[in-house]
Amino acid sequence: MGPVDAIRSGFQRAVDFRGRSTRPEYWWWALMTGFVNLLVGQTPSTLESLALLALFVPSLAVAFRRLHDTDRSAWNLLWALLPVIGVIVLLIFLVQPGTPASNRYGPPPPGTRTADGPLTGGWDAPPPPPPPAG
């Protein structure tokens with residue numbers, strides 16, 4: 001998943017706390033929100049507050065889905081409340097690859113590799129086989 005697709009997906013699934021998100025989807029979203037926070041940090045506090053409010057729920061949703069992709073509960077986000085150690089633990093969870101097969105949170109997201117190697121869908125997946133003639 002490319003950066004534009006990841007950011008688009010983040011906004012389209014802004015309140016979807018179920019399912020799974022790939023590593024690229026999460027990290028492109030995190031990079032975009034960091035960039036936005038850097039930009040609005042130089043502006044009056046009203047604009048900064050509006051930007052933070054607009055990105056808070058979608059950021060939480062993509063983090064939930066990313067943890068679901070690693071077959072972990074979203075309750076693991078509470079690690080971020082612990083200084084240093086908690087943030088490191090959460091970071092380790094977020095950088096790990098997702099489970100290649102279905103897990104308790106659903107099937108793999110489009111564009112991920114399954115256990116036998118092929119992609120499950122997405123922009124770089126091979127095309128589906130043609131329908132049988134008949």
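Helices here are DSSP runs of H or I with at least four residues, numbered from the N terminus.

## About the model

This is a predicted model, so local features need pLDDT of at least 70 and side-chain atom pairs count only at pLDDT 80 or more, while totals for chains, interfaces and linings use all residues. Residues are numbered from 1 along each chain as its sequence is written, and side-chain values use heavy atoms, with hydrogens and water left out.

## How H2 meets H3

Let's start with a pair of helices. The axes of H2 (residues 23-40) and H3 (residues 45-69) come within 10 Å and cross at roughly 165°; these axes are lines fitted to C-alpha atoms over the stretch in contact, and angles run from 0 to 180 degrees between N-to-C directions. That makes the two roughly antiparallel, a label for angles over 145 degrees.

On the H2 side, the contact (heavy atoms within 4.5 Å) includes Tyr26, Trp29, Met32 and Thr33. Among the H3 partners are Leu52, Leu55, Ser59 and Val62.

## A closer look at threonine 33

Threonine 33 sits in helix H2. With a relative accessible area of 11%, threonine 33 is buried, meaning under 20% with a 1.4 Å probe, protein chains only. Setting aside neighbours within four places in sequence, threonine 33 touches Leu55 and Ser59, in contact with both.

## Over at glycine 106

Glycine 106 turns up in the segment after helix H4 (85-95). Glycine 106 is buried too, at a relative accessible area of 19%. In sequence, glycine 106 and arginine 18 are 88 residues apart, yet in space they are 8.5 Å apart, C-alpha to C-alpha.

Notes: Buried < 20%, exposed > 50% of the residue type's maximum accessible area, 1.4 Å probe, protein only. Parallel < 35°, antiparallel > 145°, perpendicular 65-115°, else oblique.
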